[in-house]
Amino acid sequence: MVMRFTCVGLYMTAIVIASSLMSIGSEQIDTMIQEINKIPPNRRINEIPSEPFRLITAEIDDDILSIDVEYRGSQKMHEFVLYWNGIVTRSYPGQTQLYLKHNTNGDAGESLITKTLRFRLTALHIPMIITLRGDSDQSKRIEYGVVKRR
């Protein structure tokens, strides 16, 4: 009985993981919303390895940051992690930086893949201007909850 339950549990987990990624040709939309990975302020972000990718667009709807990325690979699972060191400038609006890192998990495929990633921003708490940093010197500037003053 326990063995059967374990198999059913693994099967259900596989269905949930597989269903969190929709494909449209070479474009993939990640329907799972990820959390920001907070790191200590003294940790150097360039010590965290990352494989090449290109930031295409970034936009915020409510508290969800959607990021379109492009990278080379095959159908193997690639991981993207968004890091924040918790540092915010003392200004209005505050300013901070988020860092997107890419792990190919050893995939050396050559297909050009476009993927939409989604991250929950509720950890940021306050209105601010976010600089999203990607591979190399790529960056996108996004306003989060900023009220325009007149």
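Colleague: Okay, so a nonpolar core is a set of buried Ala, Val, Leu, Ile, Met, Phe, Trp, Tyr and Cys residues joined through side-chain atoms within 4.5 Å. In the largest nonpolar core here, which residues touch the most other members?

Modeller: Keep in mind that this is a predicted model. That core has 22 residues, and the ones that touch the most other members are Ile 67, Val 69, Leu 98 and Leu 100.

Colleague: Which strands supply at least two residues each of this core?

Modeller: That would be β6, β7, β8, β9, β10 (128-133) and β11 (139-144). Strand β6 gives the most, with four residues.

Colleague: And what is Val 69 in contact with, leaving aside its neighbours within four places in sequence?

Modeller: Quite a list! Phe 53, Arg 54, Leu 55 and Ile 56 are among its contacts, and so are Phe 80 and Leu 100. Ile 113, Thr 114, Lys 115 and Leu 117 belong on the list too.

Colleague: Which residues does the second, separate core include?

Modeller: Ile 39, Ile 45, Ile 48 and Tyr 83 are among its five residues.

Colleague: Let me zoom out. How many helices and strands are in the chain?

Modeller: One helix and 11 strands.

Colleague: How do β6 and β9 pair, parallel or antiparallel?

Modeller: Antiparallel, over 10 bridges, with β6 running over residues 64-73. Ile 64 stands opposite Arg 120 in β9, for instance.

Colleague: What about β3 and β9, parallel or antiparallel?

Modeller: Parallel for that pair, over two bridges between β3 (residues 34-35) and β9 (residues 111-120). There, Gln 34 stands opposite Phe 119.

Colleague: What share of the contacts with a separation of 6 or more comes from residues 24 or more positions apart?

Modeller: 66% of them. As for burial, 35% of the 150 residues count as buried. The chain exposes about 9800 Å², and carbon and sulfur atoms supply 54% of that area.

Colleague: New topic: loops. Where is the cis peptide bond?

Modeller: Between Tyr 92 and Pro 93, with omega about -10 degrees. Pro 93 is in the loop between β7 (79-84) and β8 (94-103).

Colleague: Is Asp 62 buried or exposed?

Modeller: Exposed, because its relative accessible area is 68% and the cut-off for exposed is over 50%.

Colleague: What about Asn 105, where is that?

Modeller: In the loop between β8 and β9. Asn 105 has a positive phi as well, near 55 degrees, and is not a glycine either. At 43% relative accessibility, Asn 105 counts as partly exposed.

Terms used: Residues are numbered from 1 along each chain as its sequence is written. This is a predicted model: local features need pLDDT of at least 70, side-chain atom pairs count only at pLDDT 80 or more; totals for chains, interfaces and linings use all residues. Side-chain values use heavy atoms; hydrogens and water are left out. Two strands pair if DSSP finds at least two bridges between them. Buried means under 20% relative accessible area, exposed over 50%, partly exposed in between (1.4 Å probe, protein chains only). Contact means heavy atoms within 4.5 Å. Accessible areas come from the Shrake-Rupley method with a 1.4 Å probe; for residues, only the protein chains shown count as cover.
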